[in-house]
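Open the model in your viewer and keep the selection panel at hand. The tour moves from one selection to the next.

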Protein chains: 2
Amino acid sequence: MKPPVFNNRECGTCPIRHRAVCARCEEPELEYLESIKYYRSYEAGQPIIWSGDQLDFVASVVVGIASLTQTMEDGRTQMIGLLLPSDFLGRPGREIAPYDVTAVSNLTLCCFRRKPFEKLLDTTHHVSQRLLEMTLDELDAAREWMLVLGRKTAREKIASLLSIIARREAHLNMARSPDGSKFDLPLTREAMANYLGLTLETVSRQISALKRDGVIILEGNRKVFIPDFNRLIAETGDDADGGLLT
Amino acid sequence: MKPPVFNNRECGTCPIRHRAVCARCEEPELEYLESIKYYRSYEAGQPIIWSGDQLDFVASVVVGIASLTQTMEDGRTQMIGLLLPSDFLGRPGREIAPYDVTAVSNLTLCCFRRKPFEKLLDTTHHVSQRLLEMTLDELDAAREWMLVLGRKTAREKIASLLSIIARREAHLNMARSPDGSKFDLPLTREAMANYLGLTLETVSRQISALKRDGVIILEGNRKVFIPDFNRLIAETGDDADGGLLT
DNA sequence: GCCCCTAATTGATCTGGATCAAGGTACATC
DNA sequence: GATGTACCTTGATCCAGATCAATTAGGGGC
């Protein structure tokens with residue numbers, strides 16, 4: 001994993017204008033300029049878009065995880081979304097990115113140049129229908145997260161995050177493990193803190209507490225095993241039947 | 001203003017099945033059963049939908065304000081959205097409401113029965129386009145609010161809420177007052193607390209502090225005058241040019 | 001193996017906002 | 001005017017989580 005190259009100049013070889021020039025763009029690939037659809041890869045930790053950047057494409061996550069974050073002038077930052085495979089990035093009709101996008105893990109995006117994509121939306125009904133569905137899902141997720149941020153205790157926040165990640169992981173590898181579940185935590189303690197509106201010390205302490213109480217079992221820092229999923233749900237403060245009603 | 005009638009039975013006279021029977025429904029109006037589109041009015045404080053209710057319509061706010069709230073088993077509640085005139089309520093394809101909807105002020109909705117509305121979406125492209133736009137706007141608002149909930153201090157939260165309400169009010173009564181702005185606060189201290197993830201005591205104290213510091217001027221409890229809008233913005237912790245970039 | 005560097009834990013202390021507890025105020029009803 | 005009542009303010013105290021400050025793993029690269 002060689003570090004990404006940052007030089008804060010515009011990229012002349014792909015339709016993305018960004019401060020960081022990605023490894024792929026260092027070797028011009030002219031087809032990027034021609035086709036509506038193309039792929040781009042990023043390394044873990046690499047910035048994809050900065051808030052305020054010109055944004056000439058929309059994209060869909062193919063593999064990996066990206067984060068959306070907002071940062072205040074004094075450095076306080078809040079993660080406002082996690083993009084997993086099949087999630088959508090960008091907004092038709094918007095030219096300026098309203099928040100930072102960063103590759104959390106190694107990441108591949110399937111990009112569409114914005115203008116042609118907007119034309120596609122106008123002409124192909126099922127594409128815009130699908131996009132509406134996805135946007136509504138994201139809105140639901142954002143609203144659910146507002147409850148987490150506004151009203152839950154630190155312990156409940158950690159439990160909520162773990163249960164969401166566990167559920168998504170289980171969903172991705174469709175092979176459901178029969179009981180319990182084990183997965184790699186894709187986020188650092190600091191990233192978790194930024195997602196939950198906590199400090200990294202509090203995140204660490206609460207994870208230790210959940211481990212001490214037997215709710216989770218850690219293997220190293222990043223591998224989590226959940227012996228009893230219902231036990232974890234009970235810690236989130238959510239209604240146990242929440243899944244049924246929604 | 002006579003109080004609404006609550007009797008926790010299904011309403012047989014309109015397509016809404018809810019625990020509280022509204023004043024309008026006490027007198028059957030059969031046309032509700034016939035037409036795709038119809039109007040409904042609610043009094044301030046009246047519940048419109050409870051989480052878990054069957055939801056056979058979608059709607060658009062005509063006049064007044066409605067709130068979306070989530071409540072935990074132990075009573076902690078978080079407001080996750082405010083619906084103002086022209087905002088959309090409900091979701092095509094969803095039959096069960098995922099959160100409570102309440103009339104904050106006197107309210108009139110323009111309702112559409114869900115099934116025919118979904119058919120309309122399939123056939124009329126610009127309607128689904130418009131709905132996508134609105135949903136994306138709401139998603140942006142929700143994400144902006146996540147920063148408020150996760151990272152801002154109590155004082156910054158209050159300032160953020162006031163500036164948002166002031167901006168929307170100014171937008172509604174297109175007649176821009178040349179300097180400063182004056183508006184009615186549509187929310188109780190408790191509702192503000194639920195929106196901001198605070199207690200009502202903290203809300204009250206911070207409003208008093210902003211008043212003491214001359215950032216806002218109160219006339220009674222509900223009328224707010226903002227002598228210098230930039231001063232208020234400075235208190236939100238946001239970038240002053242945030243409006244330009246977004 | 002050893003070194004280096006980043007990520008994570010853990011402890012001690014501080015503080016912003018919650019909690020508990022009185023009062024005060026604006027309105028509506030009689 | 002008196003009485004209610006819902007809403008709001010203000011004070012005293014407490015505590016969950018922030019902040020400050022060391023250590024202690026992990027995990028490459030050599």
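Helices are DSSP runs of H or I with at least four residues, numbered from the N terminus. The model is predicted.

**Stop 1: DNA strand D.** Select DNA strand D and the residues around it, 18 in number. The biggest contribution is from α7(B), with 6 residues. By residue class, the surface near DNA strand D splits into 9 polar, 5 charged and 4 nonpolar.

**Stop 2: two helices of chain A.** How are two packed helices described? By the angle between their axes and the distance between the axes. Show the side chains where they meet. From α6(A), pick Arg189(A), Glu190(A), Met192(A), Ala193(A) and Leu196(A). From α7(A), pick Leu200(A), Val203(A) and Ser204(A). This contact divides into 5 nonpolar, 2 charged and 1 polar.

**Stop 3: where the chains touch.** Show chains A and B together. How many residues of chain A are in contact with chain B? There are 34, and they meet 34 residues of chain B. On the chain A side, β5 (77–83) and α4 (125–151) each supply at least two residues. Select α4(A): this helix gives the most, with 18 residues. Coloured by class, the chain A side shows 14 nonpolar, 12 polar and 8 charged residues.

**Stop 4: strand β7 of chain B.** Select residues 100–103 of chain B. Which way do the side chains point? Asp100(B) and Thr102(B) point one way, Val101(B) and Ala103(B) the other. Are they buried or exposed? All are buried.

Strand β2(B), residues 47–49, runs antiparallel to β7(B) and is joined to β7(B) by 2 bridges. Strand β4(B), residues 66–71, also runs antiparallel to β7(B), with 4 bridges. Ile49(B) stands opposite Val101(B), and Leu68(B) has Val101(B) as its bridge partner.

Notes:
Residues are numbered from 1 along each chain as its sequence is written. Chains are lettered from A and ligands numbered from 1 in the order in which they are written. This is a predicted model: local features need pLDDT of at least 70, side-chain atom pairs count only at pLDDT 80 or more; totals for chains, interfaces and linings use all residues. A residue is buried if 20 or more other C-beta atoms lie within 10 Å of its own, exposed if 12 or fewer, and partly exposed in between; C-beta atoms are placed from the backbone. Two strands pair if DSSP finds at least two bridges between them. Two residues are in contact if their C-beta atoms, placed from the backbone, lie within 7 Å. Ala, Val, Leu, Ile, Met, Phe, Trp, Tyr, Cys and Pro count as nonpolar, Asp, Glu, Lys and Arg as charged, and the others, Gly among them, as polar. A residue is near a molecule or strand if its C-beta atom, placed from the backbone, lies within 6 Å of it.
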